[in-house]
Amino acid sequence: MFFLPHRGNKVNKWYTICICILELLLTTYAFYYNFQIDDPLIQLSEDYKWINIFDFYWRLGIDGLSIGTILLTGFITTLATLAAFPVTRDSRLFHFLMLAMYSGQIGSFSSRDLLLFFIMWELELIPVYLLLSMWGGKKRLYSATKFILYTAGSSIFLLIGVLGLSLYGSNEPTLNLEILTNQSYPVTLEIIFYIGFLIAFAVKSPIIPLHTWLPDTHGEAHYSTCMLLAGILLKMGAYGLVRINMELLPHAHSIFSPWLMVVGTIQIIYAASTSPGQRNLKKRIAYSSVSHMGFIILGIGSITDPGLNGAILQMISHGFIGAALFFLAGTSYDRIRLVYLDEMGGMAISIPKIFTMFTILSMASLALPGMSGFVAELIVFFGIITSQKYFLMSKILIIFVMAIGMILTPIYSLSMSRQMFYGYKLINVQNFSFFDSGPRELFLAISILLPIICIGIYPDFVLSIASDKVESILSNYFYG
């Protein structure tokens, strides 16, 4: 990036987009030709000695759990760089940060070494902080500081947990995830590690009460950053929960999973009921994504085959839906320069294409059958019902509360589109004319919409990738 001209706006943009497309094609090629779906072990691995003193390797490899999120990362990042076309200020730095963020995300999804996972986890924070504090909205410094305090503070717990696991894990200190998976620890120690990892991942995939950085961050960030935040950053927390807390610490997870279920149900209800009270459009979408992450926590807590599969599917589907909603909110903000919902209204007449896409995607967000959100939430429901871990009454209670949350979802998403697009408010303003979406924006919205509908119609594509890995994770538990 640094060899490109400082002023060359177009060069930077096209260079970044070409790199992203190339990466996406490479990932798809590797997945299509070199990845065996029915093999739950690590594939396509790299293993190089890095630091001799404490057995630190550069270990990368993918399995069924991480390939879905890696493909999602490539897809969303390519679209986010395409969405960042209007950014002209310091475009070289902007695109450099986008690419740095990309590498951090893929590194943390594919690292097979605990310390490497932590380093990639940290590498991701700095680009987000800079993207927030330089290209954000009015309160950008406040929200960027809040973000960095929350996430960097939580990653201290992650570091402590990583070092504790590696030093205590076996006779000689090891950071290798495959070796650590087969270790057994005393239950009290396992619980301590579990709490540490849980705090770190609860900040990232916002689990109540550690979610408060998210609405601020999303409300202020530029919408291409928002796409990456909603689409991929939240998935890193859920991925960490499955990868470390479920695989490495099964006893503690079976102790803690009822609490995860309780927190997940509270989160669905709480976020869905706070969302209508937000004036800011992006904050409202951010609360909706907090509510959708509750389903992932429920799926992880149910410790059943359908529940965990549904959680992984919900990770992928919410990555698409959240990114698309933030993109459309950002494009409509580019048109009218209004953030607050009560100042908007009547935009449907002048921007019909954006209105159509926004309506379809808010339908997808409220889990309309035929879209990916419906399938994911249905499978999570099914996983909770078939779980042998919980009593019947508690399952009925959880499902009842979840159903209330799913009733609250249409309320806020439809009222959001009503406040934005219907009515006569903006038409009465003089000199009121702006363009509908151009071919670039239409292409972007449709290319996010296609995978949502494809997963909704044929979800087995995503489920078949991860199912063997899910079974091998669940075989650690006493009840399968």
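Guide: Helices here are DSSP runs of H or I with at least four residues, strands are runs of E with at least two, and both are numbered from the N terminus. The model is predicted, so local features need pLDDT of at least 70 and side-chain atom pairs count only at pLDDT 80 or more, while totals for chains, interfaces and linings use all residues. Residues are numbered from 1 along each chain as its sequence is written, and side-chain values use heavy atoms, with hydrogens and water left out.

Visitor: Which residue just after α16 takes a positive phi?

Guide: Gly423 does, with a phi of about 95 degrees.

Visitor: How far apart are the end C-alpha atoms of α16, and what span should its residues give?

Guide: The expected span is 1.5 Å times one less than the number of residues. Helix α16 covers residues 392–421, and its 30 residues should span 44 Å. Its end C-alpha atoms are 44 Å apart, so the two values agree.

Visitor: What does the check give for helix α2?

Guide: Helix α2 runs over residues 64–83, and its 20 residues should span 28 Å. The end C-alpha atoms of α2 lie 29 Å apart, which agrees with that figure.

Visitor: How many residues of α2 are buried?

Guide: Buried means under 20% relative accessible area, exposed means over 50%, and partly exposed lies in between (1.4 Å probe, protein chains only). In α2, 20 of the 20 residues are buried, so this helix is largely enclosed by the rest of the structure. Leu71 sits in helix α2 and is buried, with a relative accessible area of 18%. Leu71 is 47 residues from Leu24 in sequence, yet their C-alpha atoms are 7.3 Å apart in space.

Visitor: Is Gln105 buried or exposed?

Guide: Gln105 is buried, at 0% relative accessibility. This residue belongs to helix α3 (residues 91–110). Between Gln105 and Thr73 there are 7.3 Å from C-alpha to C-alpha, with a separation of 32 residues in sequence.

Visitor: In what sense do β1 and β2 pair?

Guide: Two strands pair if DSSP finds at least two bridges between them. Strand β1 (residues 43–51) and β2 have 6 bridges in the antiparallel sense.

Visitor: What lies between β1 and β2?

Guide: The two strands form a hairpin with 4 residues between them. In that turn, Asp55 has a positive phi of about 50 degrees. Strand β2 (residues 56–62) is mostly covered, with 6 of its 7 residues buried.

Visitor: How many disulfides does the count come to?

Guide: A disulfide is a pair of cysteine sulfur atoms within 2.5 Å. By this rule there are 0 disulfides.

Visitor: What is the relative accessible area of Cys454?

Guide: Cys454 has a value of 47%, so this cysteine counts as partly exposed.
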